[in-house]
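Dear colleague,

I am handing over the structure below, which you have not worked with before. Please look through it first, and then read the notes that follow.

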Amino acid sequence: MKSIFDNVSFDCSIKVTKAYSTSFSSAVKMLAPSIRQDIYNIYGFVRFADEIVDTFHDYDKEALFSQFENELSLALSQKISLNPILNSFQHTVNKYNIPMELIDAFMHSMKLDLHKSVYTTVEEYNQYIYGSADVVGLMCLKVFVNGNDEKYEELKHSAMRLGSAFQKVNFLRDLKADFEDLSRTYFPNTDLSRLDEASKQQIIAEIQADFDAGFEGIQKLPIEAKFGVYTAYIYYKKLLSKLKKTPSVEIKNTRIRVPDYEKVGLLAKCYLNYRLNIL
C-alpha cells in the first residue's frame, strides 16, 4: 500500500528537520498536529536543495542540482517519487495547490548559489531573498490558511516580510561561513571584510522593519498556526537582539547562537503570551 511508503517518506522529512534545525523543529512542534507534517515536508525539500548548493563541495553540485530538479518535476507531475523527501513535498504541494511559481522562484535562487557569489544591487538582493525565503513563507502560508484564498491574500505581504527577516538574520549570523567558506556576499553595497558598526546597524534596522511587518500577520494567523509561527518569530528576534549587541568585528569571526537554556525560557515566554492572548 502506498500509504506505508508515504508514512516512511513523512518520517524522513521529520528526521531531516530535526537533524538540521533543532530550533525550527521545536517551533513546528508548536503547530497544530493537523498541519505539522506538511511544514516538515516543506522544510525537508528546501533543506535538501540548500544542502546541494552549500555543502556538497566534493561532488559535481550542478549535476546533482539538475538531477534533483528533474526528480522534482517528475514527483509533482506523477504525484510520487522514490526520493522520500520529494514524495513528501509533492504530497503537500498537491494537497494545498501550492503554486508552481513559488517553487520555481525558490529553485532559481538556489541555482544562483551554484555560481553567483556577490550581490551588488538592491534589485539582485531582493530577488534572491524573494526566492530563497519569501516564497518559503508563502508555501507555509498556503498550509496555514488551508485553502482560504482570501486569508492567503490578506496575509501574503506579512508572510513574505517574516520570511525575509528570518533569512536576513541567517545572513548576518552566518557572515563568517558565507564570506570565508563560500565566498558569498549577500548584502549589497557592504564591504563585509571591513564591516563596521554603522553598516551593521543599518542592516539590523532593515531586519527590524521586516519583523514588525511580519508580526502584524502573525496576529491574524489561524489558531492552528499562530503559536508555532510566533515561537519561531521570538527565537529569531532573540538572535537579532544578540547580533545587535555583538560588535561587528565579532560577528565577522564567530557564529552567534541562542543557548538551549535560553530557548527553554523563550518557549515558556511564548506560551505565556499566547495563553494570555497578548501576541
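**Cysteines**

The sulfur of Cys12 lies 19 Å from the closest cysteine sulfur, that of Cys140, which is too far for a bond, since a disulfide calls for sulfur atoms within 2.5 Å. A search of the whole structure, which is a predicted model, accordingly finds zero disulfides. Cys12 counts as partly exposed because its relative accessibility is 26%, whereas Cys140, at 11%, counts as buried.

Helix H6 covers residues 100-112, and its 13 residues reach 18 Å from the first C-alpha to the last, close to the 18 Å expected at 1.5 Å a residue. Buried residues in H6 include Leu102, Ile103, Phe106 and Met110, and the buried residues of this helix pack against helices H3, H4, H5, H7 and H8.

Two residues of H6, Ile103 and Phe106, are also named, along with Phe45, Phe144 and Phe211, as having the most contacts inside the largest nonpolar core, which has 83 residues. Not counting residues up to four places away in sequence, Ile103 touches Phe45, Leu72, Leu76, Phe89, Val93, Ile98 and Met139.

**A buried lysine**

Lys168 is found in helix H8, and because its relative accessibility is 6%, Lys168 counts as buried. Its side chain is joined to that of Glu206 by a polar contact of 2.8 Å. Leaving aside neighbours within four places in sequence, Lys168 is in contact with Glu206 and also with Tyr125, Ile129, Phe187, Ile207 and Asp210.

With best wishes

Note on methods. Residues numbered from 1 in each chain as written. Predicted model: local features only at pLDDT ≥ 70, side-chain atom pairs only at ≥ 80, totals over all residues. Heavy atoms only, no water. Helix = DSSP H or I, 4+ residues; strand = E, 2+ residues; numbered from the N terminus. Expected span 1.5 Å × (residues − 1). Buried < 20%, exposed > 50% of the residue type's maximum accessible area, 1.4 Å probe, protein only. Contact = heavy atoms within 4.5 Å. Core = buried A, V, L, I, M, F, W, Y, C linked by side-chain atoms within 4.5 Å. Polar contact = N/O pair within 3.5 Å; in protein donor to acceptor, adjacent residues only side chain to side chain.
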